[in-house]
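Please read this report with the sequence and the structure side by side.

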Amino acid sequence: MDHSERLALFEGVRTRYSAFLTSVLWKLTGDKELFAEATQYALLGMWRHVEKLDGKNAGAYIYRIALTANSRAWRTRIGRNGQFNRDRIGVEPEPSENIRRIELTAKVRKAISRLPDKQGRAIVMRYLQQHDYPAIAEKLHCSQAGARSHVSKALAALKNKLVSLA
Amino acid sequence: MRDNIEDILQNIGAEAVPDDVQTIARETSNNFSRSLTQTGPSRQPILLETLMKSRISKLSAAAVILIGILVLTIFFVETNKGVVLAGVLERVEQVRAFMYKTTVAGNVITVTVSTEYGMKMEMDTTDPNTGESIIQQTFFRPDEKLVITIMPGQKKYTQMEYDDAFFARLRKENNDPREMIKQIMSSKYTELGRSVIGSKEVEGFQAADPTVFNGFAQETNTILWVDVETWLPVRTEIEYMSNDQVMASLVIDDYQWDIPVVASDFEPIIPEDFTSLTRDAIKMPSFDEEAALEGLKIIAEIFGQYPKNLNLMDLIQMFFDLRERGIKGNKGLMDAGLTLKEEMNQMKSEHIQKAMEIFGTFQSLGMFYMTLVEEQKEPIYYGESVGPEDADRVLMRWKISDNEYRIIFGDLSVGNVTAEELAALEEPKP
């Protein structure tokens, strides 16, 4: 495939998945700077793998690209200072319970970025996109019981990661 | 805690995307798209400044030196000249000596290159086992066919013997940054537009084809930033990837062009009280078919199977993963592998020598495959499905003439066949 063909394909893919990526990456990052960074990585991933995004497995690839982009953005952030910046997550001085909750939400997002691929996808599908289990099972190419298992394992992994992040 | 997490996840899922975030998404996406079509230069670099942490940080210091060498040996692709980068190439061609710094997995390597006297590298690393700082100076001595590394702090040195082909390649490719520019030019590069690095206004170029380094890594992302006033490189960013994972990332910057050098700058001085890290000079195998067969044989002896692919980065990773296997148990290792693993962990001179010689066979295999790719001999490798027990199946083949192929079978026997015979051999067996 030559450059112009790749470009044409990329434009189609970009249009098709723009809303999906924006929604998922925003929910995964909750931080404008992190979101912009993850979006750049996702676009780069789409450009690199654009041929794969035109086939029947495009849906699976786009999830993988989004989750990889999110992980990379978080890793870069963690590499910078390891701390959450309240200005960046838009937190105004509020009662302590709200601050605690916002910080916990940020930690959950960070923990999602460290989940294995399939668990990450299961969490995104179940909670961020609010899909039911039959839909998740179809997308993950597994049974409904398998889908429930992935979600359950992911929740357990998140719990462990939150303890280690505490 | 679990209910709490589910509650938080539900809340995240219910969040709407704010308007200003929608705007960020739209602008980021449009900028990226524009940078690809070159209808208007982007003001932002496509790849962000901070590169990923590398799995290579686990490698031993000696290996990082070899990585450094290998990184420098990849810039080889013949090219169709582009328009804008041709000016950069012309300017760089006039330089006789230069220096730059490369950062690989947090290790800073300073490289000095003279078109007249040769090349040397100085590397400041931290031993991953002891945390000890190690300074290594490596001198490339083509006349003696030696690569000599000196570790002043440890009063140690190593000597590796390479053949003429290695140095011919080194002379051709490494002493000259033109090869990197040619490589980017050959891949229908993307202009990234202008940006600022330090106090310099720069223009960015990205190799658009991620498979341009096929044979070295599955995918490579290369970005070159050049000074818009002098048209000399200011910074290069390279990521090597395999199976969607970043295997190594490096930044080359702090270029100093047209520096004064003398011959003695490139002559190693080994004080009398320094001792060799290995018992004898390590003789590195060639990058030919015989060495590649030896590499496949040794890998099969260690792992009981052939490597899944022959990309050089993956082979290097495979070798150094051996030391980490203790964490996951020794599953998959043959007796030879268990012995080698133990020896690699002992660090006695004879063990280091043996390990480095075995590493040389991995390296030769990868370099041989890379050379076939480079020479457009269309190598195909079936290591994922063919093992040592598949005596009559094709493990690897490449073109040697219009209608003739060279074949390595699963039992490592070799032969030449016609295209028709090859088709019959590669037909799926019931």
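Helices (H or I, at least four residues) and strands (E, at least two) are DSSP runs, numbered from the N terminus. This is a predicted model, in which local features need pLDDT of at least 70 and side-chain atom pairs count only at pLDDT 80 or more, whereas totals for chains, interfaces and linings use all residues. Residues are numbered from 1 along each chain as its sequence is written, chains are lettered from A and ligands numbered from 1 in the order in which they are written, and side-chain values use heavy atoms, with hydrogens and water left out.

Because 14 of its 17 residues are buried, α2(A) is largely enclosed by the rest of the structure; buried here means under 20% relative accessible area, exposed over 50%, and partly exposed in between, with a 1.4 Å probe and protein chains only. The N-terminal end of α2(A) is capped by Asp31(A), which has a side-chain oxygen 3.0 Å from the backbone nitrogen of Glu33(A).

Val24(A) belongs to helix α1 of chain A (residues 3–29) and is buried, with a relative accessible area of 2%. Leaving aside residues up to four places away in sequence, Val24(A) touches Val124(A), Leu128(A) and Gln129(A), where contact means heavy atoms within 4.5 Å. The C-alpha atoms of Val24(A) and Asn70(A) are separated by 9.4 Å, although these residues are 46 apart along the chain.

## A sheet in chain B

Chain B contains 11 helices and 17 strands, and 52% of its 430 residues count as buried. Four of these strands are considered here: an open sheet of 4 strands has the order β14-β15-β16-β17 in chain B, with antiparallel pairing. The edges are β14 (380–381) and β17 of chain B, each with a single partner strand, so one side of each is left without a neighbour in the sheet. Two strands pair if DSSP finds at least two bridges between them, and the pairs are listed below.

| Strand pair | Bridges | Direction |
|---|---|---|
| β14(B) and β15(B) | 2 bridges | antiparallel |
| β15(B) and β16(B) | 6 bridges | antiparallel |
| β16(B) and β17(B) | 5 bridges | antiparallel |

Individual residues show how the strands are set against one another. Ile380(B) stands opposite Arg397(B) in β15(B), Val394(B) has Phe409(B) in β16(B) as its bridge partner, and Tyr405(B) has Val417(B) in β17(B) as its bridge partner. A hairpin joins β15(B) to β16(B) through 2 residues, while β16(B) and β17(B) form a hairpin with 4 residues between them, in whose turn Leu412(B) has a positive phi of about 75°.

Strand β16 of chain B (residues 404–409) is mostly covered, with 5 of its 6 residues buried. Helix α7 of chain B (residues 289–303) lies across β14, β15, β16 and β17 of chain B and runs at about 30° to β16(B), whereas helix α11 of chain B (residues 419–426) lies across β15, β16 and β17 of chain B and runs at about 115° to β17(B). Axes are lines fitted to C-alpha atoms, for helices over the stretch in contact, and angles run from 0 to 180 degrees between N-to-C directions.

Technical notes. Polar contact = N/O pair within 3.5 Å; in protein donor to acceptor, adjacent residues only side chain to side chain.
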